[in-house]
Amino acid sequence: MVDDSAIRALEAKLVELRQMMEAGNVDLTEELAMLESKLLKLRREQYARMSEWDRVKLARHPERPRGLPLVEAMAHAFYELRGDRMGGDDPALRGGPAILGDHRVMLLFHHRGSTPEEQRACRHGMATPEGYRKSLRLMEIADRLKLPVISLVDTPGAYPGVQSEEQNIAGAIAQSISRMLSLNVPTIAVILGEGGSGGAIAVAAADRVLMMENATYSVISPEGAAAILWKDPSATPQAAQALRLTAPQLLELELIDAIVPEAIGGAHTDPKRTAEDLRATLCQQLTTLCERPLDELRHLRYKRYRNAGSARTPTDPS
Amino acid sequence: MPIRRDSKGRYVEVELRRAEETLWLRCRECGELVFRRKLKETNHICPRCGAYFFLTAQERIASLVDRDTYAPIESGYASDDPLAFVDRRPYRERLDEAQAITGLNDAVVVGRGMVDGRPLLLAVMDFRFIGGSMGQVVGEEIAVALERAAELRIPFVLVVASGGARVQEGAVSLMQMAKTVAARNLLAAANVPFIAVFTYPSTGGMLASVASLADVTIAELGAMIGFAGPRVIEQTTGQRLPESFQTATFALEHGVVDQVVPRESLRAELARALLVLSGDHNG
């Protein structure tokens, strides 16, 4: 990431001054205000200079609001459903019915875990066939109980392992995409952090696709592209640039519908606001989508994915 | 030039070659020089050792479809290079080269034909074209083929030879997974059968979308079938891979495909499946 030592020094100074003030010795209001505006300016400058690779790092930031903690901050109530009813439960892809503002919904979300043990158990948010079969099960419930489906996507990709292959991970992803496209309820996907390839699109083929300002969405990680196409790991930042994986770039390509703004410096600088903003955005989108007749919604959904990323013109009109 | 064996010792070799360049081809397995025209008669199987020669889309079509029944459906789409992608070389150059070598617009060929007198809508992939990867043109062509099959109410057959998503088209290629699945759902709503044939290779984003949603799935011996590449799996998990990993037999054992057949039986196998699925026996 861009060198942020100046920002960290200012933050430390601010903490120090506040402590001094609290101790009651001196009035430092003016100094504090000055430092705060300087900090904001620095953050804005740094933010504006961010490269695509910087965004990738922000999307992966260890303190980024995501997973279960974000859901708990965002929803008024959440009841987790576990297990695929076929032999397992994947802690990396989770979900259950929830209440968001005035809406009852079915939430699906990737979970990376916060402690090292939890992260290992969740394979850093890489879901297995069990995860995608659970998401299929939850979509069935949503369809039956008429709950709009909201997915929060944050995964490096589906888990590449021997067992994943033995349990047909590719088929599980394909079925998840297929069911999501055929749901008789409105659907919204939010690319929250990393939207990694098949593991992301499995739960992101929605009526509305939103992206957090610093999220990324790509068919391959920059590291993967650098290894395959450049045959050189040091080309990773270049690959990040070439892949056009940031929210503004994908909005321009018309592959997503809207960007959810983050606090200056990234969502992790203000997790509370992130949860509140995301809830407000989702409720607003839900209200709009729920007004639409179902037939129209399904027709528009088909058209959207049928036309997604199409080649514009035949080279040979014959 | 990847060469892959499966547990039965069959292998598929993949080489970039122009369609009618040489009269003779050398078998990489036994060294035999085989007359190209002879190979057409043997389904591109080495007459001496039984090794599989690589098949282009046109060769595959010729090996499956009744003589003189094939009619191409040409949309004429070619990639826009939606990201203006440049790695060590511009994607544009790679496209131009692949088009020159294969004579194709992109990695799939679509058409109508008959197998044993039964009509079908056929989409056949060509691995020579950037690894048979799925970008906006492959996605579009497969979607068009599925829609056409639904409209004409004739079975759809997809012959997969794909390394996965077209990396150079980024998220645009990712969207093709949703696009082809949407079109597949349309075919399902029309109650028209879909048969997938997995060949070398059937992997990545192609396998994780339309290819895995067929009603009947037949794998050719020598196929490679899997989501993630073996190297990625080894690096991520540190696991040693079983010897038969991601072969056609492995897929059969794990319930991923219905049948595994040698290349010379593929046409008859397809005819058998079409016979029971097409349902036109009542006239």
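**Talking through the structure**

Me: How do the contacts in chain B split by distance along the sequence?
Reply: Taking contacts (heavy atoms within 4.5 Å) in chain B between residues at least 6 apart in sequence, 68% join residues at least 24 apart.

Me: What should I know about the model itself and its labels?
Reply: This is a predicted model, in which local features need pLDDT of at least 70 and side-chain atom pairs count only at pLDDT 80 or more, while totals for chains, interfaces and linings use all residues. Residues are numbered from 1 along each chain as its sequence is written, chains are lettered from A and ligands numbered from 1 in the order in which they are written, and side-chain values use heavy atoms, with hydrogens and water left out.

Me: How many helices and strands are in chain B?
Reply: Chain B has 9 helices and 12 strands, where helices (H or I, at least four residues) and strands (E, at least two) are DSSP runs numbered from the N terminus. Its radius of gyration, taken over C-alpha atoms, is 18 Å, close to the 19 Å from the globule rule for 283 residues, so chain B is as compact as a globular protein of that length; that rule is 2.2 Å times the number of residues to the power 0.38.

Me: And how much of chain B is buried?
Reply: Buried residues make up 60% of its 283 residues, with buried meaning under 20% relative accessible area, exposed over 50% and partly exposed in between (1.4 Å probe, protein chains only).

Me: Switching to rings, how many aromatic pairs are there over all chains?
Reply: The count is 6, where rings of Phe, Tyr and Trp (its six-membered ring) pair if their centres lie within 6.5 Å, and planes under 30 degrees apart count as stacked, over 60 as edge-to-face and the rest as tilted. One of them is the tilted pair B:F156 and B:F194, at 5.2 Å centre to centre with 45° between the planes.

Me: Where do those two sit in chain B?
Reply: B:F156 lies in strand β8 (residues 156–162) and B:F194 in strand β9 (residues 194–203), so the pair ties together parts that are 38 residues apart in sequence. B:F156 is buried at 0% relative accessibility, and B:F194 is buried at 0% as well.

Me: Why is the pair B:F245 and B:F250 edge-to-face?
Reply: Their ring centres are 5.1 Å apart and their planes are at 70°, so the pair is edge-to-face.
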